[in-house]
Amino acid sequence: MNNRFDSRLPGEAELLNLYHETAEAPPAALDARILAAARQAVAERPQPWYQRLLAALSQPRHSLAFASLAAVALTVGLLGRDLLEKPDATRELAADAPAVTASAPVMERFAEQVEPRELARALPAPAPQMKSAPAAARVAPPNEMRFELALQEIRALQADGRLEEARERLAQLREDYPQRRWQPQLEALQRSLEPAPAATAGEAAGQD
Amino acid sequence: MLEQRDDADLLRRYRRGDTEAFGVLYARHRVGLYSFLKGLCSDAQLAEEIFQETWLSLIRSDSQQQPERARFRSWLYQIARHRLIDHWRRQGRAAPLESFDESVHDQPQGDGEPEAWLQASQDRERLEQALQELPEEQREVFLLRAHAELELAEIAALTQVPAETVKSRLRYALAKLRRLLAAPLGEEVCR
């Protein structure tokens with residue numbers, strides 16, 4: 001028999017041990033009720049945020065997650081501080097952004113003015129790596145330039161005496177540019193390419 | 001790990017939401033508290049009721065804080081004792097634990113041989129019967145010593161009686177138990 005008690009009175013330790021060792025446990029159902037009530041009370045109790053944090057950190061599996069989160073937060077914080085300490089870098093970034101965005105509408109408007117069929121005719125054959133039609137359209141010359149080039153081509157054909165080709169090219173040009181069909185340049189070119197009138201032929205015969 | 005921690009630390013942990021700490025605390029005191037209550041009121045059903053009320057009051061009341069200088073063990077038994085006295089009062093019974101004249105119960109010690117009555121007292125029923133023969137004040141002090149393992153000064157603080165009175169009650173209780181347990185079975189015992 002173990003002596004749990006300091007014997008201060010005669011025979012005290014023996015009697016205390018005797019009763020202590022024959023102590024009776026509460027029923028298991030009572031244990032279960034009390035332990036369940038303890039768990040439920042904790043579940044229903046609103047815990048302050050710092051107590052919930054401490055309880056979570058005391059669990060090993062949460063410690064690793066918290067360490068990872070802290071590392072990410074530290075990294076983000078340091079990067080943010082670097083950017084704040086280097087205003088030039090942010091200004092450079094800010095300056096670049098509008099330039100990029102502003103160029104897009106200009107290119108869009110330019111592309112709308114050009115028809116792909118005209119481009120294929122007026123421009124030299126594209127390089128193999130520039131097969132994309134929209135990309136080519138964005139670097140094409142304006143309509144006015146191509147119109148002038150076509151006129152020069154017709155005049156060159158006329159000068160070479162290739163009148164039939166010059167007429168066909170002119171007809172095609174007037175068809176491609178219906179809004180310019182009656183421009184003086186085209187009218188003059190049209191007249192110069194037409195066959196000589198009969199009066200002119202008569203005058204020539206009279207002179208002869 | 002938790003088993004190494006003291007009662008106050010386990011209670012603090014439970015207050016922070018650690019239910020495992022409560023489990024350790026409960027396991028540490030369940031047998032002692034239940035035996036104390038059952039021995040004091042000699043009614044298993046009432047003992048269970050008071051036992052449950054005591055633990056539930058501990059669980060549900062955050063404001064019921066342990067006095068700084070009191071041991072958890074002493075505080076726990078004090079809650080249980082107050083609950084039992086309240087129950088007796090509600091039943092119209094005077095609280096015998098608070099009105100007791102020691103001199104009335106001062107009886108001469110018996111001459112039984114310790115080995116003999118220890119051998120004969122292995123029967124729990126007989127132990128229980130002998131315990132119930134004690135006046136309630138003496139029984140309370142004896143039970144607090146046997147199951148709560150409190151020092152005499154702690155029992156004096158808990159029961160709010162002078163330490164000398166506690167010591168006297170314990171001495172009378174020991175003497176009477178020794179005499180009762182040494183007596184042959186079936187022999188009539190006078191108080």
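In this predicted model, B:Leu37 makes several contacts beyond its neighbours within four places in sequence: B:Ala47, B:Ile50, B:Phe51, B:Ala80 and B:Leu84 are its partners. B:Leu37 also belongs to the largest nonpolar core, which has 49 residues. Together with B:Phe36 and B:Leu144, B:Leu37 is among the residues with the most contacts inside that core. Helix H9 of chain B, covering residues 163–182, supplies the largest share of the core, namely 10 residues. Two domains of chain B, domain 1 (2–90) and domain 2 (105–182), both give residues to this core, and the core therefore lies between them.

**Chain B as a whole**

Chain B contains 9 helices and 0 strands. Its pattern along the sequence accordingly reads α-α-α-α-α-α-α-α-α. Of the 191 residues in chain B, 36% are buried. When contacts between residues at least 6 apart in sequence are considered, 65% of those in chain B join residues at least 24 apart.

**The contact between chains A and B**

Chain B contributes 34 residues to the contact, and chain A contributes 30 residues. On the side of chain B that touches chain A, two or more residues come from each of the helices H2 (19–41), H3 (44–60), H5 (114–120), H6 (124–132), H7 (136–146) and H9 of chain B. Of these, H2(B) gives the most, with 10 residues. The make-up of this side of chain B by class is set out below.

| Class of residue | Number on the side of chain B that touches chain A |
|---|---|
| Nonpolar | 15 residues |
| Polar | 8 residues |

**One residue in helix H3**

B:Gln52 is located in helix H3 of chain B. Is B:Gln52 buried, partly exposed or exposed? B:Gln52 has 16 C-beta neighbours inside 10 Å and therefore counts as partly exposed, since a residue is buried only at 20 or more such neighbours and exposed at 12 or fewer. Which residues does B:Gln52 touch, not counting those up to four places away in sequence? They are A:Leu30, A:Arg33 and A:Ile34.

B:Gln52 and B:Ala80 stand 28 residues apart in sequence, and their C-alpha atoms are 9.4 Å apart in space.

Notes:
Residues numbered from 1 in each chain as written. Chains lettered and ligands numbered in written order. Predicted model: local features only at pLDDT ≥ 70, side-chain atom pairs only at ≥ 80, totals over all residues. Helix = DSSP H or I, 4+ residues; strand = E, 2+ residues; numbered from the N terminus. Contact = placed C-beta atoms within 7 Å. Core = buried A, V, L, I, M, F, W, Y, C linked by C-beta atoms within 7 Å. Domains from an automatic or database assignment. Nonpolar A, V, L, I, M, F, W, Y, C, P; charged D, E, K, R; others polar.
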